[in-house]
Amino acid sequence: MSPLLELRGLGVHYRTDRGEVAAVRDVDLTLEAGQTLGLAGESGCGKSTVAMSVLRLLPKSARVEGEILLDGEDVTTMSWGRLRAVRWAQASVVFQGAMHALNPVRRVGDQIAEPIRLHGGKAKVSDLLDQVELPAAKARSYPHELSGGQKQRIMIAMALACDPRLVIADEPTTALDVIVQAQVLGVLSRLVAEQGIGLVMISHDLSVLASTCDRLAVMRHGGIVEEGPAREVIASPTHPHTRALAAAFPVVGDPAFRQVEPDEVRESSPLLRAEALSVDYRGRGGVVHAVKGVDLEIGSGEIVALVGESGSGKTTTARTLLGLRAPTSGRVLFEGEELPRSAKGLREYRRQVQLVLQDPTSALNPRHSVYESVAEGLRIHKVPGDEAALVADALAKAELRPPESFFPVLPHELSGGQRQRVVIAGALALGPRLLVADEPVASLDASVRGEILALLLGLRRELGLAALIITHDLGLAWSIADRVAVMHEGVLVEQGAVDQVLLDPRHEYTRRLLAAVPSTTP
Amino acid sequence: MTSIVWQRRRAAVGSTWREFTRNRGGLAGLVVLGVVVVLALLAPLVTDASGLDVTKAAGQRWQSPSAEFWFGTDHTGRSVLLLTWWGSRISLLIGLTATVLSVAIGTLVGVTAAHFGGWLSAGLMWVTNFFLVLPSLVLAIALSTVLPRGIGTIVLAIGVTSWASTARLVRAQTLSVEARPFIERAKVLGGGHVHVIGRHVLPAVLPLVFVNTTLTVANAIVAEATLSFLGLGDPSMVSWGSMLRAANLHGAVSQRAWWFLLPPGLGVVVIVLAFTLVGRALETVLNPRLRGDR
Amino acid sequence: AQAQQPVTLRVAIIQQVDSLNPFLATYQASTEVGRLMYDYLTAYDAKDQRPVEGVAKSWEKSADNLTWTFTVPDGKKWSDGQPITAKDVGFTYNLMMTDKDAATANGSFVANFESVTVPDDRTVVIKTKVPQASMLALDVPIVPEHVWKGVGKIADYKNDVTPSVSSGPFVLSEYRANEFIKFKANKEYWRGAPKYDELHFIYYKTVDAAVQALDKGELDLVNRMGPAQFDSLKGKSGITLNKAQGRRFNELVLNSGAATKTGEPIGDGHPALKDVKVRQAIAKAIDQDAIIARVNGGYAERGTGPIPPVFPDYHLTPEKVRPFDPAAANTELDQAGYPKGSDGIRVGADGKPLKLRLVGHTSRAYDEQAGEYIKSSLADIGIAVDVQLVADTLLDEQGVAGKFDLIFSGWGTNPDPDFILSLHTCDSRPESPTTSGTTDTFFCDKTYDELYAKQGAELDPAKRSALVKQMQQRFYDEVPAIILGHDNSLEAYRNDTFASFTIQPDPGGVIMAQNGMWGYYGAVPVAAAGAASSGPSGLLIAGIVVVVLLVVGGVLLLARRRGATAGDRE
Amino acid sequence: MTAPPLVRPSPRRGGGSGLLRHVAGKVGGALVSLAAVVVLGFFLFRLIPGDPTVTMTRGRQVDEAQIAELRALHGYDRPIVEQFGKYVGGLLHGDMGTSLFYRRTVAELIGERVGPTLLLVGTSTLIAVTLGLWLGIRGAWRRDSPFDRASTGVALVGWAMPAFWLGMLLSMVTGNLFPSGGMRFSSTPPDFWSQALDVAHHMVLPCLTLIAVVYAQYQLVMRSSLLEEMNADYLTTARAKGLRDDQVRRRHAVPNALLPTVTLVFLHIGLVVTGAITVETVFSWPGLGLLTYEALAGPDLPLLQGTFVVLAGSVIVMNVLADLLYQVLDPRVRAS
Ligand SMILES: Nc1ncnc2c1ncn2[C@@H]1O[C@H](COP(=O)(O)OP(=O)(O)OP(=O)(O)O)[C@@H](O)[C@H]1O
Ligand SMILES: Nc1ncnc2c1ncn2[C@@H]1O[C@H](COP(=O)(O)OP(=O)(O)OP(=O)(O)O)[C@@H](O)[C@H]1O
Ligand SMILES: [Mg+2]
Ligand SMILES: [Mg+2]
Ligand code: NI
């Protein structure tokens, strides 16, 4: 009997203005029924392309080589009629980004029912919703009325509509917070176990795959660099890329991942203080209390991590600390003085405290060269001295060497890590005493996360820079922070030294958060 | 340092140009525009303006095209070729100046409304929406009826009534630029309004404004022709619109004087089409949103 | 197959009809339409425009010229069969004398009436306060008393009830504002019913549209054509052209010193124009023949005085025609003390250069073109002209306020010269700087005014004619305005539907816009006209529609099919 | 013709919160806009030009007293604010003043002309929308196909043409096929079918002209908004489910792309209205556009003011309708 899915020498090329781009090269994979295959790899390595090629859903600009055998039948040579019959009835897809994969103007129930009608299945929408643990009434909803996790589950219900033998799930949990992610993964694992379907699970997050997959394939630049049983691959990666991927997800509590020596934690004088800080947003839907009475202190030379799920108010806190938003109540003290209100005063304040934004790509004006971006602050503050020398110095501190060679480069010519360094260099050029970094590595590939974190630690060591690191990733906090503050729905529920908070959580929410973190170790 | 910047700009312009030249429609439009503009500029040098004077009309009335009068003559015996040629000057002049006025107002309002927010923005947006909804030609008609006749009035009437779509576009673009984190970064670095608008917003918005300009010119030229046709133009100037008005008034249709009807109308169509094609081509080249899905 | 179509005369109407109520209607088109329904007390003969029988058949006046007795004959009937009597006449005039609204349009005719009495059904006696020359030209439609006595407020009455009760040759049968006015022949008409069944006036917004319609056979009769349009119909089969002497003239008014009745100057006219020598020089420098040839397309007659050649009794033929002579004009101006400045423009004694504004209508092509001629002609004698074309209302305002140097104007004239001559008397100037007078020239000349008074009292036609001519000669010499030309009236009709029309005067007269309804009344249809269909038949249209639908359907079907296969291809 | 240049569909609004409040806000906003039109109309036409009494009394001997009486009658002697108050008061009762040339009330004149304009504009908009949408969908679905290129090219040419010019050309080349102007022949029998056929016959050319100039809008908008949806992920989902190509288009792509287009159809009513002014002029169609043109010749300011207020006002009302329609059609905007 032939395997459920077999890829033989699959290659995909995209025709673009720049010529042909090889997105997938010579991929061989096999999946048996009832098995789960994980496909890992950083963004852009070709995971989705592989997924789409299975049902021949690639855009017209794609050229496919090799064979794609679905139950022994080659998809690439099927007639359109046959292909349409195979689609969804034999194999279905849970698309990346359920947000866009659902038709926004039709009820989700209709969308689930559509393939049933088309392929003559007898499943009932309410049963399908039940399988993904959604109430039947949700069938009457429009996509925009559902949360991200619910939409993702609708996609899964839709994928199951015609009892397919193969389901391909393309990053089904990206953009979900850890707690919802755990729910969705639970549903998928249960279905594989109960119904014996074959599942291809795609993710860039090794820890997600570790908990669900039997086998794991790691991709890089369109090719597979390592393949084997999931446990083995994660426990003893042979390829350096796999190793970098694994390292990017530190295990909380494992001292091996801790990069700050406990003795480094020293007595320090308070630099920035927030007292009973509250921030409201007044919007169409009424008032949102984003931050509610937060007390937070950062000492000089200290690294504090602010953790919490998406939407808990982390970014808002950071913005308020920098005076980008006026607090609704409470105050921010810098060296014991309240933040100035005047434009001039704020400008002075911002020479002392700098912010590194979440996404380095969008934090740089795509039209400005590295030199212009770094010199921007110098020009605004009319910093005396040789501008070029100052820029070069800042770049060098941010480990971009030789600095001169980066001067004329535009952001899109840089890698993500390099971009983040340019942003940091722009902040450093002003010689700040405190760096507020909002999710400094969230959008970066696994391989460059470590470098940026090392840079931050190095800066603290060499320049005595204090830092507030904002993240939703507890592992990150574990690896570099001195102290941790946990935020939940605008409230700081717990704060204290890293070991104490993460190893011995007091608050119930912190415990839930820790429990939901997928781990690479069983 | 600056030399590198300039070099890069030049390279960017070069690549935009290469991208543009790949669009055949846009290129054709540009060539046509170039020819027409050169012809319009050359008119006083190559032709004799006295032929526009009815008292010195060279031909008989309503002569059909002949070797002497390639496009025939009008109701006063003037050469239609000459009139069309000179008419292009007024049509282009009004089209361009009205556009400059319209785009200037639109950009100013759009950037201001997006950048400053608050009641100023709300007020400006209300005015913009009001002008957007108001049928602009009707307002332009009203304006040019009550103001003294002349080029200035037409330019004003078209400019003042047609800026709203530019303003909305610019506002949307400014908002989307200002929502980008690099604006926040500029503020964190200490930049004020002038810095943010001058260094970040305008450079990002201007290409779009430029695209919008070419499309607005097309509209302005049609608007000029329409206003002149309705008798609101400058009566002492020959423009394509006023030629068509004369054709309508003096019975070109009943005389089947196609030679008097075709040249000015085709002039408008060709110019407007050329501007539109160039504008659409530029749009695909310069508008990042459209470039992606090619 | 349709029922036998009524024989119809279809006439283009360009001007608006402001009201069908004869007491309110002031526009020329409205009075023309009104004449079809209501006879006047007397009519103008078709041939020579002398007074002939209208509602009244005969008349006599008392020795003191104050009492007029009109006799309404027996046997004339309204279209509803009721007899037309002297009571109707008395009712109409008395209504106008007592009701202010009823005097709106024609009140001036009865303003001088002392009393109107009806001693019996056949006799009307009108007493006037002072002798009135226009007693046989009372352009007042006589309305049926039995209909109008029931009308409440005259000002609000539209008079669009169909069928109308008419004394004229036609009865209103349908009225659609902006589209058409339809009349049926009045079978009761005392001169005898018209020779065809229906008369339609159809609105056209431009003459050009009407000309096209005539060409396509949608119309039978068109007037007010421009020279180009007229020429374009030359030689077309089925169309007969009628170039008639017109009653309109175009003039160029020179601001010879605008002032009120009391002589208080108004406006800002150029002072040099007060000098008659300058005005004469300007008149000499303008090539009127060229303007007629190029602007009027030759369809105009050279102007002298305001009264057109169509009224030969009063038309002026100057003993010494002023020649077109720019050289002489130049010499005269040199001698009169207006030397040329360094820029070639003459300068007056007060140091003011002779730069004149010429105001014209934007809406009139004539002004635009003639303006160019005048500009270049005057440039030859060292006078600079700035042609300003403005909207009609603005032009009116500037004209009334005397804010011009040169301005285009024009009038239509009546058979009786009194009104047109009165325009240039001192008395027709405005009361005060802020009100308007009837004059357009602001001319005020003692000699002229004396002659005007004399001709008004003169009852002998020959002597009056001489006086009128003298007045015009004075006008011609003093040049308060230059009569540029008397436009021909250009008309055309389809000779495949109508064989002939009565023109007035005959020869050389017009079909439409007469002093009477002869043109419409006397139209003779071609024998077979009833069978002629109008425009393309409904069948043809239906055919076109079907073909279009078929083509569209076919394309759609094809597209469907292609779409289906395309779906398979993906 | 200064319309929004080939506008792209505006970005969708965020989730609706309180449909009623939104509707009230829209209607309120429109009322403010209407008021602004009235104010604009009044001050534009009353303040800038000179003394209207002079125009009214042109060619008649009048003395100071009569002028004063006339001014008093029309209220020109009152302070401008009071005049404005009276004007607004009259407007609320449907009184828009009296035309200088027709010597009839503006309301009556406009009332007479609304019907023909509605007929012409309605018919041509209907056809133009159908044609435009159909061509737009076809073109976008087969992007860059010969059909797409040709239809886009033709649409652009139509878009570039001044309506009145096309009208004159059409009436010249069609010769005797269609009537030269007006809405019906005076000699047509009065029964319904003859009249309807006759009006249809008269409407062919003006309708064609208006459609040719306007449909491009709809086509280009539909095309670009469908193109925008073409790469949407839910279409891939639909294909993955095994739907046929035309099913994907009909059930998923078009309903989404139609929404912004619907708004634009209404937004562009203003353009159709301005097109109607010149087309009605060329074809002597007895509608509001022609009335505007006739008012221009004077200019007959009270009449012009009236048509200005009515034309601008109706476009504003149309836009509110469009917005409300959008609320009904788009579930994302509809209150959750
Ligand atoms: N339609 C396309 N045209 C050209 N290149 C494409 C196209 N789609 C994808 N690519 C390129 O192919 C490569 C693989 O893309 P793919 O979407 O498969 O990555 P991925 O692993 O799914 O990434 P992510 O984790 O971000 O979803 C990328 O370099 C991408 O830029
Ligand atoms: N500009 C805004 N207007 C209205 N509400 C806002 C705005 N910005 C954020 N919010 C709301 O305030 C709350 C806190 O948002 P914030 O961006 O601070 O969260 P976060 O912790 O940074 O989330 P994430 O991890 O997704 O970045 C959220 O509920 C968000 O919806
Ligand atoms: Mg992907
Ligand atoms: Mg955040
Ligand atoms: Ni809204």
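Mentor: What follows is a description of the shell around the ligand, with a short note on one further residue. Please keep in mind that this is a predicted model.

Let us begin with the residues of the shell. Ligand 1 is surrounded by 13 residues, and the closest are S43(A), G44(A), S48(A), T49(A) and Q96(A). Sorted by class, the shell contains seven polar residues, four nonpolar residues and two charged residues. Two elements of chain A, β1 (5-16) and α1 (47-54), each contribute at least two residues to this shell. The helix α1(A) gives the most, namely three residues.

We may now turn to individual atoms. An oxygen atom of ligand 1 lies 2.4 Å from a polar atom in the side chain of T49(A), a residue that is also listed among the closest. In the case of E171(A), a side-chain N or O atom is 3.1 Å from an oxygen atom of the ligand.

Finally, consider S362(A), which is located in helix α13 (residues 360-363) of chain A. Its relative accessible area is 17%, so S362(A) counts as buried, the cut-off being under 20%. Leaving aside residues up to four places away in sequence, S362(A) touches P181(B) and F182(B).

Terms used:
Residues numbered from 1 in each chain as written. Chains lettered and ligands numbered in written order. Predicted model: local features only at pLDDT ≥ 70, side-chain atom pairs only at ≥ 80, totals over all residues. Heavy atoms only, no water. Near = heavy atom within 4 Å. Polar contact = N/O pair within 3.5 Å; in protein donor to acceptor, adjacent residues only side chain to side chain. Helix = DSSP H or I, 4+ residues; strand = E, 2+ residues; numbered from the N terminus. Nonpolar A, V, L, I, M, F, W, Y, C, P; charged D, E, K, R; others polar. Buried < 20%, exposed > 50% of the residue type's maximum accessible area, 1.4 Å probe, protein only. Contact = heavy atoms within 4.5 Å.
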